[in-house]
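Please examine the structure shown here before reading the points that follow.

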Amino acid sequence: MTARAWFVRTVRTGDTHLAAADWNGSDPIRPLCAPDVQYRPMNRRPMRVCFYDEQRCPLCLGHAAPSPPVLRAAVPAGNTDDPR
Ligand SMILES: [Zn+2]
C-alpha cells in the first residue's frame, strides 16, 4: 500500500485532502477524491495527521488509515481465577 498524507488546499472545512506521501514539495498533488483536479498544497511537508478533524475531506477520509486491528485479550499463563 502506498503511504498517504494530507495536503491543505484551503483553510475551509473539509478542504484538506489525501494524496501520495512521496511528494517532491513543488509539483501539484492529485487528491484521492478527485485525481483530475490538481492543486498546490499550502503545507510544505506532507502531514500524517491533521491539526483539526474538521479540515479533513470527508471523501478522502474513507481512504485514510485502514481499520484498527482487532484487539485480543491475553490471559496470563497459570491463571488461578479459572472456576473449573
Ligand atoms: Zn478529498
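1. A residue is called buried if 20 or more other C-beta atoms lie within 10 Å of its own, exposed if 12 or fewer, and partly exposed in between, the C-beta atoms being placed from the backbone. By this criterion, buried residues account for 13% of the 84 residues in the protein chain.

2. The model is a predicted one, in which local features need pLDDT of at least 70 and side-chain atom pairs count only at pLDDT 80 or more, while totals for chains, interfaces and linings use all residues. Residues are numbered from 1 along each chain as its sequence is written.

3. The protein chain contains 1 helix and 2 strands. Here helices (H or I, at least four residues) and strands (E, at least two) are DSSP runs, numbered from the N terminus. Read from the N terminus, the order of the elements is β-β-α.

4. How do β1 and β2 pair, and over how many bridges? The two strands are antiparallel, with 5 bridges between them; strands pair if DSSP finds at least two bridges between them. Within this arrangement, arginine 4 is placed opposite alanine 20 of β2. Because 4 of the 5 residues of β2 are buried, this strand is largely enclosed by the rest of the structure.

5. A nonpolar core is a set of buried Ala, Val, Leu, Ile, Met, Phe, Trp, Tyr and Cys residues joined through C-beta atoms within 7 Å. The largest such core consists of 7 residues, namely Trp6, Phe7, Leu18, Ala19, Ile29, Cys57 and Cys60. At least two residues of this core come from each of β1 (4-8) and β2 (16-20).

6. Is alanine 19 buried or exposed? Alanine 19, which lies in strand β2, is buried, since 24 other C-beta atoms are found within 10 Å. Setting aside residues up to four places away in sequence, alanine 19 touches Arg4, Ala5, Phe7, Ile29, Arg30, Pro31 and Leu32. Contact requires that the C-beta atoms of two residues, placed from the backbone, lie within 7 Å. From alanine 19 to cysteine 33 the separation is 14 residues in sequence and 8.9 Å in space, C-alpha to C-alpha.

7. Of the contacts in the protein chain between residues at least 6 apart in sequence, 47% join residues at least 24 apart.
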